[in-house]
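These are my notebook entries on one protein structure. I looked up the overall layout first and then turned to single residues.

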Amino acid sequence: AQHAAKRELLEEMRLETQELIFLGRYRTDVNRGMGWCSCFLARHCTPSLRFKSSDDLEQQMLVRLSRKDLRSKLLQGDFKEVKWANTVAMSLLVLDP
């Protein structure tokens with residue numbers, strides 16, 4: 001899971017890190033017993049000179065938020081998928097205990 005998280009960080013944001021904090025592994029499809037989400041917080045990221053193209057077909061736009069704005073958006077329900085809301089909430093708990 002950690003290798004996949006680092007690969008996604010490189011593909012999606014063109015960033016690299018040596019510090020991934022494991023936030024937990026959570027079931028996303030309880031009724032059928034399938035679907036897991038392994039959550040990580042990447043700290044001290046640096047821009048990568050290695051380009052790794054993504055095979056995603058969705059359009060993406062990088063948005064930078066302060067911790068205050070991130071918390072506000074979390075509480076307003078702006079993260080529409082539980083896996084992202086959970087990852088943001090767990091990250092904020094780690095960063096601001």
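The entries below record what I looked up, topic by topic.

**Entry 1: the whole chain**

I note at the outset that this is a predicted model. I looked up the secondary structure and found three helices and four strands. Read along the sequence, they follow the pattern α-β-β-β-β-α-α. I then looked up the extent of the C-alpha trace, which spans about 40 × 35 × 25 Å along its principal axes.

**Entry 2: surface, contacts and charge**

How many of the residues count as buried? I found that 21% of the 97 residues do. The protein exposes about 7,800 Å², and carbon and sulfur atoms supply 53% of that area. I next considered contacts between residues at least 6 apart in sequence; 50% of them join residues at least 24 apart. For charge, I recorded 16 positive and 13 negative charges, whose mean positions are 4 Å apart.

**Entry 3: helix H1**

I turned to helix H1, which covers residues 2–13 and has 12 residues. From its first C-alpha to its last, H1 reaches 16 Å, close to the 16 Å expected at 1.5 Å a residue. Which residues of H1 are buried? I listed Ala5, Leu9, Leu10 and Glu11. These buried residues pack against S1, S2 and strand S3 (34–43). For background I noted that an α-helix has 3.6 residues a turn, so residues three or four places apart point the same way.

**Entry 4: two residues with positive phi**

Arg14 follows H1 and is found in the loop between H1 and S1. Its phi is positive, about 55°, although Arg14 is not a glycine.

I located His44 in the loop between S3 and strand S4 (46–47). His44 counts as exposed because its relative accessible area is 59%, and the cut-off for exposed is over 50%.

**Entry 5: Thr17**

Where does Thr17 lie? I found Thr17 in the loop between strand S1 (15–16) and strand S2 (19–29). Thr17 is buried, because its relative accessible area is 7% and buried means under 20%.

I then looked up the polar contacts of the Thr17 side chain. A polar atom of this side chain lies 3.0 Å from the backbone nitrogen of Glu19. The side chain of Thr17 also reaches the backbone oxygen of Arg43, at 2.5 Å. Leaving out residues up to four places away in sequence, Thr17 touches Lys6, Leu9, Ala42, Arg43, His44 and Cys45.

**Entry 6: Val88**

My last entry concerns Val88, which lies in helix H3 (residues 82–95). Val88 is buried because its relative accessible area is 14%, and the cut-off for buried is under 20%. Which residues does Val88 contact, leaving aside its neighbours within four places in sequence? I recorded Leu70, Leu74 and Phe79. Finally, I looked up the separation of Val88 from Thr46, a residue 42 places away along the chain. Their C-alpha atoms are separated by 20 Å.

Conventions:
Residues numbered from 1 in each chain as written. Predicted model: local features only at pLDDT ≥ 70, side-chain atom pairs only at ≥ 80, totals over all residues. Heavy atoms only, no water. Buried < 20%, exposed > 50% of the residue type's maximum accessible area, 1.4 Å probe, protein only. Contact = heavy atoms within 4.5 Å. Areas by Shrake-Rupley, 256 points an atom, 1.4 Å probe, with all protein chains shown as cover. Lys, Arg positive; Asp, Glu negative; His and termini not counted. Charge placed at Lys NZ, Arg CZ, Asp CG, Glu CD. Polar contact = N/O pair within 3.5 Å; in protein donor to acceptor, adjacent residues only side chain to side chain. Expected span 1.5 Å × (residues − 1).
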